[in-house]
Amino acid sequence: MDDKVIIQHLIGGSREALAMLWQAHSKNVLNLAFRMLKDRDQAEDILMDVFVQVPKAIQGFQGKSALNTWLYRLTVNACLMKLRAEKRHRELEEEHLDTIIEEALGTGETASTFDPALLEKGLAELPAETRSMLWLKDAEDMDVKDLAEIYDMPEGTIKARLSRARHFVRDYLKERKNHD
Amino acid sequence: MTSKIDFSKLERLTPRADSWDKVCARLDAEAHATPAGKIISIKSWYSAIPIAASFALVALTALMPALNNRADSTETISINSSAPSEVLSWYSSLGNSTSDDFDTLEESVGFSYLIKE
């Protein structure tokens, strides 16, 4: 069913339309939340919170963005609120990340040689927002334009953050492999 | 460098089987928690207060003539029919005297009249 039709039904309070939205996007919402929170149970909670929130939130949806973009924005906001509430959002401040990147410039690791467990660890070092941004771009193939809408940032900032995050992850992996 | 990070080897989660049922249960609970009778939300109380004040004002305006009529209908008793002769003669002589002295009514007569009244 077309997004516009689903939106119309959602505005009308249709549970079937919500079920269709669940079928289409719940997995992506869950994985995005998991990338941000690094906790399966909390990610499931966010998934449910987001979908419980949809029938009310859709009333204010102006249809300017795609439905999945809007849904990801709800997810990112819900995750950020949770992280702020738990005061766990101090994992790695932007300045800290910049310092690390400046100290460890240099690339060479190809994507295909990534060790998944090590990659998880490297990603965990990134701030939650940047981690989710990288996930949406590289795993979900979202456009920078959509990311700019989700995170409410200029496209240039998104590109810069993604570039720094990729550098950081690659350097992290390279460093750890050299240590082994 | 814009080449993507390879996320393909990372685990992709699937929502738990009962998650959708939980969402439905929460939505149902929310719907029950907001019964149809609970139309006026807390926010709307802000506008309900001036409306109530307006109603009260209109009601008072409507009641005022009725109260005035009731006041008009109170029985007026003439002093002539109720006062003793001493009081009446004192009352009728007020202002007729040529002297500047104020013609006072005897205290006991005045008190007994007031107590009677």
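**View 1. Chain B contains 5 helices and 0 strands.** Helices and strands here are DSSP runs, helices being H or I over at least four residues and strands being E over at least two, with numbering from the N terminus. This is a predicted model, in which local features need pLDDT of at least 70 and side-chain atom pairs count only at pLDDT 80 or more, while totals for chains, interfaces and linings use all residues. Residues are numbered from 1 along each chain as its sequence is written, and chains are lettered from A and ligands numbered from 1 in the order in which they are written. Read from the N terminus, the elements of chain B follow the order α-α-α-α-α. Of the 117 residues in chain B, 3% are buried, a residue being buried if 20 or more other C-beta atoms lie within 10 Å of its own, exposed if 12 or fewer do, and partly exposed in between, with C-beta atoms placed from the backbone. The mean pLDDT of chain B (the predictor's confidence in each residue, from 0 to 100) is 76, and 61% of the residues in chain B reach 70 or more. Within chain B, confidence is highest in helix H1 (residues 19-33) of chain B, at a mean of 92, and lowest in helix H3 (residues 79-82) of chain B, at a mean of 66.

**View 2. The contact between the chains draws on 28 residues of chain A and 19 residues of chain B.** On the side of chain B that touches chain A, the classes comprise 9 nonpolar, 3 polar and 7 charged residues. Two residues are in contact if their C-beta atoms, placed from the backbone, lie within 7 Å; Ala, Val, Leu, Ile, Met, Phe, Trp, Tyr, Cys and Pro count as nonpolar, Asp, Glu, Lys and Arg as charged, and the others, Gly among them, as polar. For the model, the scores are ipTM 0.71 and pTM 0.60.

**View 3. Chain A has 9 helices and 0 strands, and its largest nonpolar core has 48 residues.** Such a core is a set of buried Ala, Val, Leu, Ile, Met, Phe, Trp, Tyr and Cys residues joined through C-beta atoms within 7 Å. The residues with the most contacts inside this core are Ala33(A), Ile46(A), Leu47(A), Val50(A) and Cys79(A). Two or more residues each come from helix H2 (15-37), H3, helix H4 (67-85), helix H7 (128-138), H8 and H9 of chain A, and H2(A) gives the most, with 10 residues. Buried residues make up 38% of the 180 residues in chain A. Among contacts in chain A with a separation of 6 or more, 72% are between residues 24 or more positions apart.

**View 4. Helices H8 (residues 144-151) and H9 (residues 155-179) of chain A pack at an angle of about 100 degrees, with their axes 9 Å apart.** H8(A) and H9(A) are therefore roughly perpendicular to each other, a label for angles of 65 to 115 degrees, where under 35 counts as roughly parallel, over 145 as roughly antiparallel and the rest as oblique. The contact is made by Val144(A), Lys145(A), Leu147(A), Ala148(A) and Tyr151(A) from H8(A), and by Glu155(A), Ile158(A) and Lys159(A) from H9(A); by class, these residues divide into 5 nonpolar, no polar and 3 charged. The axes are lines fitted to C-alpha atoms, for helices over the stretch in contact, and the angles run from 0 to 180 degrees between N-to-C directions.

**View 5. Ala148(A) lies in helix H8 of chain A.** Ala148(A) counts as partly exposed because it has 16 C-beta neighbours inside 10 Å. Leaving aside residues up to four places away in sequence, Ala148(A) touches Met153(A), Pro154(A), Glu155(A) and Ile158(A).

View 6. Most residues other than glycine have a negative phi.

**View 7. Confidence in chain A is lowest in helix H5 (residues 94-103) of chain A, at a mean of 51, and highest in helix H3 (residues 40-57) of chain A, at 95.** Over residues 103-112 of chain A the pLDDT is below 50, and this stretch has 15 contacts in the model beyond near neighbours in sequence. Chain A averages a pLDDT of 84, with 83% of the residues scoring at least 70.
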